[in-house]
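Subject: Structure for your review

Dear colleague,

Please find below the structure that I am handing over to you.

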Amino acid sequence: MRLILQVLLLAAVTACLPHVSHAAENDSQATLAEALPKLVKLYGAGGFRGLEGYGTGFLASPDGHVVTSWGPLLDADRPVAVLGDGRRVEAKLVGADSASGLAVLKLDGPGAPFPHFDLAEAVDLAPGDRIFALSNMFRVAAGDEPVSVMHGMILAKAPLSARRGRFETSLDAPVYFLDSVTNNPGAAGGVIISLDGRIGGMIGRELRGESTETWINYAVPATVIAERIGLVIAGDEIAKPNPADADAPDNARRPIEVGLVMIPDVTARTPAFVSDVLDDSVAISAGFKRDDLILFGNGAPIRSIRELTTLLSRAERGDEIAVIVRRDGGLVTLTFLIP
Amino acid sequence: MTIRIAALLLVSCAGGLVAAEPPPSVLEAESARIANVEAISPSVVCIFGRDGGGGGSGVLISRDGFALTNFHVTSGSGDFMKCGLNDGKLYDAVIVGIDPTGDVALIKLLGRDDFPAATLGDSDSLIVGEWVYVVGNPFLLAADFTPTVTYGIVSGLHRYQYPAGTFLEYTDCIQFDTSLNPGNSGGPLFNERGEVVGINGRGSFEKRGRVNVGAGYAISINQIKHFLDHLRSGRVVDHGSIGATVLTRQDGTVAIGSILETSDAYRRGLRSGDEIVTFAGRPIRSANQFQNVLGVYPSGWMLPLTYRRGAETHDIMVRLSNAHRESELLEFSKTPPDRENPQPGRKPESDEDPKEEQPTPPDEEAAATKEDDVPSELKQLLVQKPGFANYRFNEIEQARVLESLPNGGTLPSLAAGAVLSGRTEDGKPFRMTLADRGVGFDLGGVGYLQPLGPAEEFIDEPPGTGGLLAAAHLLRQILAGSRERLAAFYYLGSEPIDGIGPQVDVLIAEDQGGRLRLYVVREGGELLGFDFSRGDNVDDCRVRFGKPVISGIPAEWRVSYGGEEILDARVERIEPLRPSRDSR
């Protein structure tokens with residue numbers, strides 16, 4: 001306990017220091033110029049509401065191994081990586097580590113040796129340490145220019161207890177909490193670095209805090225994931241998380257919960273036909289009728305009951321869901337709020 | 001967990017109290033920052049609509065009160081606004097010029113000739129990681145007009161932010177992580193030296209409501225510098241197009257997709273499939289980047305373009321055409337209140353994609369100026385005319401340029417017509433007769449005529465010049481002070497002549513479907529030449545003048561058409577026509 005207090009006190013002193021001097025600023029610009037080419041912009045599957053088809057990755061070996069956050073964009077057969085100099089290269093999934101939520105890709109093309117972060121030199125950060133966060137947030141680096149840079153500070157290193165939609169998430173190691181809005185769309189897989197350019201952590205996917213429901217800004221410590229990345233690159237068997245795990249029945253919000261009784265879900269592509277609507281339900285208030293075929297949900301096509309389940313499960317309580325159904329040869333739009 | 005963070009925060013503050021003295025370098029940086037904020041704050045403007053609605057931020061850029069802001073701020077505040085400075089005083093201001101595509105507006109504060117103006121910096125010299133200040137009026141907090149200062153770093157450069165339709169397009173813009181909130185719109189982005197490097201206009205606000213998420217965007221000041229004189233003209237200014245689509249090919253090269261045969265680029269030889277190597281002096285590596293480079297230039301400018309076809313590389317100069325149709329821009333210009341469309345400050349179409357928003361306050365809708373409340377001395381400063389945000393400022397700029405011309409733009413030797421005679425470079429004698437009923441030209445015994453009159457069209461006479469005689473007629477109207485006889489005469493703005501020469505003022509004369517662009521040196525009023533076009537789809541008759549001047553008229557005319565030099569004439573005599581011989 002005394003040790004913790006000492007650390008906290010030290011951190012607080014550092015935290016109250018004003019900005020770094022001009023000389024340090026020039027160093028920072030040099031640091032960033034060296035670090036930015038080690039990031040890649042990733043483009044893959046997705047692109048509809050709530051699921052960005054873009055993300056970030058960082059090079060972790062001279063051979064072109066790219067580490068990123070496990071996410072739906074990797075559902076693409078061949079995600080495309082755009083390097084710091086604007087080159088577009090296809091990437092192949094090497095493996096993944098479900099515990100830390102990371103995936104490793106390998107660039108499929110010439111160019112080695114690639115500029116990369118040396119995970120052996122990963123820095124252990126403490127509250128009060130200043131950092132830069134580098135990521136492809138909002139896909140604003142749309143040309144061949146480097147990704148975005150933000151500045152910030154480590155607020156705390158603590159266990160993560162968060163959720164995405166209805167799905168609880170937990171990592172088994174403490175993560176860094178940050179004081180700037182680093183975890184924007186597309187930022188997952190980006191890095192935080194120390195002012196001298198050493199890798200400190202990987203920005204995680206967007207999550208909300210479990211108790212406050214606010215979006216949290218965090219990074220998984222590089223010292224934690226370094227070993228796992230090494231194992232994946234070495235080809236040691238690490239379970240590849242099934243992206244469908246996130247939508248596993250245990251966590252899912254099923255259509256029945258809003259009062260929709262669907263036809264039996266027998267295949268992965270069972271169309272979202274409503275077989276019945278429960279009395280006194282959200283669905284009946286919204287105007288659903290038996291035999292409606294749900295075609296779109298919040299602007300995205302709903303091709304199966306599973307996609308409907310995914311849509312409902314990703315929504316927050318109170319979110320508005322607008323669906324388009326086919327009824328008697330016409331299209332009808334129905335809206336309801338997630339209870 | 002919650003408790004631990006609370007404890008940390010408590011300790012943080014207590015820690016600050018017991019901390020040892022920070023290192024001198026840190027204190028110096030802080031002092032420098034404080035001094036910078038003190039230096040830049042007086043130039044920052046809090047903008048409100050006259051009835052208190054709308055609003056945003058701006059920055060003074062001249063001592064006589066010109067200030068920059070966003071178009072989406074002035075479109076909400078109306079043509080007259082109230083502007084607060086950090087001296088606690090409120091000043092009247094009036095709209096000057098607007099750039100709806102680039103989301104920039106120029107306004108003028110009134111009542112002083114010693115406003116504290118900011119210095120404009122060089123946005124191309126910014127470096128990622130450099131500290132920048134956002135100064136303005138977020139949430140309209142500044143009741144005493146003391147601006148709010150936030151501080152962060154440059155996150156990215158040369159960003160492209162998609163337009164809403166074809167307006168409010170942010171090309172080659174600056175991204176920063178400095179806090180940007182509703183009401184910051186139109187305010188300045190300063191560098192550490194206290195220079196304006198951008199005008200803050202939008203941010204990415206996805207998921208977190210309309211508040212800062214650390215991704216703000218500023219229009220680069222270097223782009224705005226290209227447009228500044230255009231904005232001072234009081235016009236609704238337009239961005240440019242090369243009249244071709246540009247695409248990134250599979251192999252990563254950038255090529256022309258389809259190209260309009262009526263475009264200047266086509267006439268210069270550019271064709272579908274040609275690979276673009278450089279544009280405006282910058283290497284082009286993606287179609288997106290081409291759009292980024294194009295977007296920072298006004299319509300009408302000439303830019304160098306290098307393209308490759310097969311093994312050969314070609315360098316051409318391309319004049320940009322308008323990015324918008326005239327009718328699209330007319331929607332933004334002011335029509336007099338008694339006309340059909342009395343909507344001051346029309347709001348642009350809202351962005352379909354809500355994640356990229358302009359950070360204006362939400363009550364912008366209620367901001368339309370009630371023209372009745374405006375005092376008459378203010379009302380005189382607004383002249384509404386189609387194509388202009390405020391024609392009054394065009395009159396001022398016309399007067400400034402004309403004042404610098406020989407005899408203030410009213411040459412008596414040309415008033416009733418004149419005969420210009422001399423020899424071409426190869427020794428042929430010529431006589432050009434400028435009369436009200438026509439322009440005659442005798443070149444080595446061969447005669448040419450451009451008849452003039454309501455039913456006469458401008459023709460290519462002498463053939464192959466692009467209409468030299470018609471051009472000479474329009475030039476005479478400008479220099480003789482007969483500008484009221486033209487269908488249109490106005491100040492356009494400024495541009496580097498021929499794309500590479502010095503920055504010159506441009507006067508426009510239009511008549512009979514023809515258009516003359518006259519280039520005037522900014523100091524001293526020297527005439528450098530003109531480009532004349534008989535219509536949209538033909539090459540210009542290009543005339544460049546030499547230094548010698550006779551009776552206020554340039555004596556050396558080098559005429560070219562379609563890139564070919566066709567005539568080099570030296571005027572030796574100018575004789576006025578006797579009015580009796582050519583009266584109407």
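The notes below concern chain B, and one of its sheets in particular.

Please bear in mind that this is a predicted model. Chain B has 584 residues, of which 48% count as buried. Its secondary structure comprises 11 helices and 35 strands. Among the contacts in chain B with a separation of 6 or more, 62% are between residues 24 or more positions apart.

The sheet in question is open and is formed by 11 strands of chain B, in the order β26-β25-β24-β23-β35-β34-β31-β30-β29-β28-β27, with antiparallel pairing. Its edge strands are β26 (446-451) and β27 of chain B, each of which pairs on one side only. On average, neighbouring strands are turned by 20° against each other, direction ignored. Helix α9 (residues 391-404) of chain B packs on this sheet and touches β27, β28 and β29 of chain B. The direction of the helix makes about 75° with that of β27(B).

At the β27 end, strand β27 (residues 488-496) of chain B is joined to β28 (residues 503-511) of chain B by 8 bridges, and E495(B) stands opposite V504(B). These two strands form a hairpin with 6 residues between them, and D498(B) in the turn has a positive phi of about 60°.

Strand β28(B) is also joined by 8 bridges to β29 (residues 514-521) of chain B, where R515(B) stands opposite E510(B). Here the hairpin has 2 residues between its strands, and Q512(B) in the turn has a positive phi of about 50°.

Elsewhere in the sheet, 5 bridges join β24 (residues 429-434) of chain B to β25 (residues 438-443) of chain B, with F441(B) as the bridge partner of M432(B).

With kind regards

Key. Residues numbered from 1 in each chain as written. Chains lettered and ligands numbered in written order. Predicted model: local features only at pLDDT ≥ 70, side-chain atom pairs only at ≥ 80, totals over all residues. Helix = DSSP H or I, 4+ residues; strand = E, 2+ residues; numbered from the N terminus. Buried ≥ 20, exposed ≤ 12 C-beta atoms within 10 Å, placed from the backbone. Contact = placed C-beta atoms within 7 Å. Pairing = 2+ DSSP bridges. Axes fitted to C-alpha atoms, helices over the stretch in contact; angles between N-to-C directions.
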